[in-house]
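User: I have a model open and would like to go through it with you. Could we take it piece by piece?
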Amino acid sequence: MAQPQDTAALLQEILTSVKSLKLDHSQLAETVEAINGRVNILAGVKQSRDGIVHDAAVPSPRIPPMAASPSLQPMTSSPRMIPKGHHSRESVSSIDGFGNGHSQSTSPPPRRTSTAHSKIVITTHPEQADPLPNHWGNGDASKRGPVVVSRSPSTIRRRNAIGAHGGSYSIYYALAVASQQLNTDHKPDYTNTEPAANIGPFPAWGDPKKIVAMDPFGHLAPWLYKDIIRAENVEIRPTIAVTRAHMKVPELEEAVRKGRLVPDGRICINSQGELNVTKFAVEPVWYLPGVAERFGIDEGTLRRSLFECTGGSYPELVTRSDIKLFLPPIGGLTVYCFGDPVKMSDPNVKLALRVHDECNGSDVFGSDICTCRPYLIFGIEEAVKEAQAGGSGVVIYFRKEGRALGEVTKYLVYNARKRGSDKASEYFKRTENIAGVKDMRFQALMPDVLHWLGITKIDRMMSMSDMKHDAIVQQGIPILERVPIPEEMIPEDSRVEIDAKIHAGYFTTGKVMTFEELDQVHGRAWDDVDH
Ligand SMILES: [Zn+2]
């Protein structure tokens, strides 16, 4: 038993040590925070002290050694420092950062005073989370693991993907939450939402080189991973949905009337040209190392560019090198399949395919400045005929409006064309002058959906685009025949577009014009139009 004076001295000694430790710790924490702030500023993240108060209960984040080149930081260098059950900084944050939000925490919510603010998470680091494993490219769904992106309170620490569900519609989700019309705790009820057609599995589903831009198990996610959903209390959503429908297009009624299309009561149902179709809606899920490889760039460069060019919206692209998946805020695609979907992957029957990029003005509203709707209709008609002949017909519709430059840029280009001399010889230059490039559709990721559908060859490709052709062939899918749009389907005012494209190398079975001839192809000027 120690003497009282000895005890006092011992206590004093311990107290001094503790004080020193505390000082060291706070200095260390301050230093780390200062470095963190500078790193974030370098990475383009501006921290507002008004909005951010760090959680003192959690150690300051370790700075990743290569923030700008996250691909260099292996997953194994990110030990989990937070024991399971301990709340990370993520899980104690409110949603608005100004004390007005709903606490998503099991901890008591922060008090609302003039000096104390609730917390907003600018980013996370690998030590702060416990992501569910995902081994992209494993063909066994249970070994591959689910795609988990939800920030719902029960799931936020288990995320293995950056971004959000719904592509660009994630912003509407944000509005619904912000205006308190949607509770983030809402649990989707997927009763009877299962795919309306079976698809796969195909060997490509287990090849990390062949599918990098969508989740091959995305249509089955809630059912494949129901045990994980239940056991781990995490939210796992589908990124693909498959349904069946009828469709009616006026041009196809005309096709029946003119005898080009013959109703069979099955695929083309009646004399109105009504069609039976199976539709697959696909949201993008990017495996970042694979996407980078397709573009011939390193993953760090891709991550940094995505971070910076989205206004710094996804800082985890640079701080969470352990997370390899990204659900980008872009539109997806829809597959329209005519005939039995099983035939798409049957190498013994013919496949007709149109890969179409969105052009709302023409596709929906009938603008005659381009060949988009006529080519789309031609694609549908040929797809139906192929299916009726015992093969398969597929039209894939990508949300890449205006060559993925968007409609505003597109209309600016129209103005520049119509106010100038709308010549085929200057067609691409007009776009390049405004956008800096003539096309941003980058077809490199497009063939993924073909692999997913089990397509191994294309008998008839309704497209003149060299970019689409080359991207598909480079992915090991041969195209046996390329079919240009028939002359009689080309609107007069769209000659400028189609002739410019043919001159630039688009496929044609017809004549390629000389530059001099191209210079003579003019579109309608505005003066011809009654406003
Ligand atoms: Zn168009």
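User: What covers the buried residues of H17?

Analyst: The cover over the buried residues of H17 includes helix H14 (427-435) and helix H18 (515-518). Helices here are DSSP runs of H or I with at least four residues, strands are E runs of at least two, and both are numbered from the N terminus. This is a predicted model, in which local features need pLDDT of at least 70 and side-chain atom pairs count only at pLDDT 80 or more, while totals for chains, interfaces and linings use all residues. Residues are numbered from 1 along each chain as its sequence is written.

User: And why is H17 described as largely enclosed?

Analyst: Helix H17 (residues 495-503) has 7 of its 9 residues buried, so it is largely enclosed by the rest of the structure. A residue is buried if 20 or more other C-beta atoms lie within 10 Å of its own, exposed if 12 or fewer, and partly exposed in between, with C-beta atoms placed from the backbone. The buried residues of H17 are Val496, Glu497, Ile498, Asp499, Ala500, Lys501 and His503. After H17 comes Gly505, which has a positive phi, near 115°.

User: Stepping back, how many helices and strands does the protein chain have, and how confident is the predictor?

Analyst: The protein chain has 18 helices and 9 strands, and 37% of its 531 residues count as buried. Its mean pLDDT is 84, with 80% of residues reaching 70 or more; pLDDT is the predictor's confidence in each residue, from 0 to 100.

User: Where does pLDDT stay under 50?

Analyst: That is residues 44-116, for which the model has 128 contacts beyond four places in sequence. Two residues are in contact if their C-beta atoms, placed from the backbone, lie within 7 Å. Where pLDDT is low, the predicted coordinates should not be read in detail.

User: Sheets next. What is the strand order in the open sheet of 6 strands?

Analyst: The order is E2-E3-E6-E8-E7-E9, with mixed pairing. Strand E2 (240-247) and strand E9 (460-461) are the edge strands, each pairing on one side only; two strands pair if DSSP finds at least two bridges between them. Helix H11 (residues 372-388) packs on this sheet, touching strand E3 (275-282), E6, E7, E8 and E9, and its direction makes about 155° with that of E8. For that angle, axes are lines fitted to C-alpha atoms, for helices over the stretch in contact, and angles run from 0 to 180 degrees between N-to-C directions.

User: Which way do E2 and E3 run, and what about E3 and E6?

Analyst: E2 and E3 run antiparallel, joined by 8 bridges, and E3 is joined to E6 by 5 bridges, also in an antiparallel arrangement. Ala281 in E3 stands opposite Ala241, while its bridge partner in E6 is Thr334. Further along, strand E6 (residues 333-338) and strand E8 (residues 392-398) are antiparallel over 6 bridges, with Cys337 opposite Val394 in E8.

User: Which senses apply to the pairings of E7 with E8 and with E9?

Analyst: E7 pairs with E8 in the parallel sense over 7 bridges, and E7 pairs with E9 in the parallel sense over 2 bridges. Ala352 has Gly393 as its bridge partner in E8 and stands opposite Arg460 in E9.

User: Is Ala352 buried or exposed?

Analyst: Ala352 counts as buried because it has 26 C-beta neighbours inside 10 Å. Not counting residues up to four places away in sequence, its contacts include Glu382, Ala383, Glu386 and Met462. Its strand, E7 (residues 351-357), has 7 of its 7 residues buried, so it is largely enclosed by the rest of the structure. Both faces of E7 are covered, with Leu351, Leu353, Val355 and Asp357 on one side and Ala352, Arg354 and His356 on the other.

User: Last one: what is the order in the open sheet of 3 strands?

Analyst: It is E1-E5-E4, with mixed pairing, and the edge strands are E1 (161-163) and E4 (286-287). E1 and strand E5 (residues 325-327) are parallel over 3 bridges, where Ala161 stands opposite Leu325 in E5.
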